Amino acid sequence: MVPGGVHGDPFEALGDPNRREILRLLSDGDKPVQQIAEAMPISRPAVSRHLRLLKDAGMVAERADGTRRIYHLQDQGLRAVQAYLEGIWGDAASRFRLVAENTGPSRR
């Protein structure tokens with residue numbers, strides 16, 4: 001389920017190691033495209049394409065600072081991933097607890 005205003009899939013966005021690295025870089029704070037590109041082994045145009053996909057997925061947002069674009073993490077896409085994982089883990093944890101509570105120690 002993709003939140004309103006988000007056009008891309010957060011899981012697709014997380015599928016690429018370069019995009020995960022961009023998110024890791026931004027976890028340290030807001031950064032301009034140039035600074036992100038300098039820390040990456042890919043070209044600046046490639047970084048811009050990855051940022052666009054992350055933006056479409058609601059994982060990053062940008063703001064203008066003169067002629068520069070400053071990127072920061074956006075909660076929307078990250079919350080979608082977190083909610084999905086918590087839903088899956090919550091169900092699995094409940095089933096595990098039920099099995100554990102209804103299974104006695106093995107007798108040999």
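1. Start of α2. A side-chain oxygen of D16 comes to within 2.7 Å of the backbone nitrogen of N18, at the start of α2. That is a polar contact: a pair of N or O atoms within 3.5 Å, where, within protein, one must be able to donate a hydrogen and the other to accept it, and residues adjacent in sequence count only if both atoms are side-chain atoms. Helices (H or I, at least four residues) and strands (E, at least two) are DSSP runs, numbered from the N terminus.

2. Basis. This is a predicted model, in which local features need pLDDT of at least 70 and side-chain atom pairs count only at pLDDT 80 or more, while totals for chains, interfaces and linings use all residues. Residues are numbered from 1 along each chain as its sequence is written, and side-chain values use heavy atoms, with hydrogens and water left out.

3. Overall layout. The chain has five helices and three strands. Their order from the N terminus is α-α-β-α-α-β-β-α. Of the 108 residues in the chain, 29% are buried. Here buried means under 20% relative accessible area, exposed means over 50%, and partly exposed is in between (1.4 Å probe, protein chains only). The accessible surface of the chain is about 7,400 Å², and 52% of that belongs to carbon and sulfur atoms. Areas come from the Shrake-Rupley method with a 1.4 Å probe; for residues, only the protein chains shown count as cover.

4. Contact range. Take the contacts in the chain between residues at least 6 apart in sequence: 51% of them join residues at least 24 apart. Contact means heavy atoms within 4.5 Å.

5. The buried face of α2. Which residues are buried in helix α2 (residues 17-26)? They are R19, I22, L23, L25 and L26. Seen down the axis of α2, these buried residues fall within an arc of 160 degrees, so they line one face of the helix. The arc is that of the directions from the helix axis to the C-beta atoms.

6. A13. This residue sits in helix α1. A13 is buried, with a relative accessibility of 0%. Not counting residues up to four places away in sequence, A13 touches R19, L53, L54, A57 and M59. A13 and G77 are 64 residues apart along the chain, yet their C-alpha atoms are separated by 9.4 Å.

7. V60. Strand β2 holds V60. V60 counts as buried, at 2% relative accessibility. Neighbours within four places in sequence aside, V60 contacts L23, L26, L51, L54, K55, Y71, H72, L73 and Q74. The C-alpha atoms of V60 and Q76, 16 residues apart along the chain, are 8.6 Å from each other.

8. Salt bridges. How many salt bridges does the structure hold? There are five. The criterion is a side-chain nitrogen of Lys or Arg within 4 Å of a carboxyl oxygen of Asp or Glu. Side chains of opposite charge can pair when their charged atoms come close.

9. R63 and D30. Their side chains meet in a salt bridge at 3.8 Å, N to O. The pair links distant parts of the chain, with R63 in strand β2 and D30 in the loop between α2 and β1, 33 residues apart. R63 is partly exposed, at 39% relative accessible area. D30 is partly exposed too, at 44%.

10. Other bridges. E62 pairs with K55 in a salt bridge of 2.4 Å, N to O. E62 is partly exposed at 28% relative accessibility, and K55 is partly exposed at 39%. R68 and D65 form another salt bridge, at 3.2 Å, N to O. R68 is partly exposed at 43% relative accessibility, and D65 is partly exposed at 36%. Salt bridges with shared partners join K55, E62 and R69 into one network.

11. Nonpolar patch. F11, Y84, L85 and I88 form a nonpolar patch on the surface, with about 390 Å² of accessible area together. Patches are made of residues with over 30% relative accessible area and no salt bridge; like charges are joined within 9 Å, nonpolar side chains (Val, Leu, Ile, Met, Phe, Trp, Tyr) within 5 Å. Helix α5 (residues 75-101) gives the most to the patch, with three residues. I88 lies in helix α5. I88 is partly exposed, with a relative accessible area of 45%.
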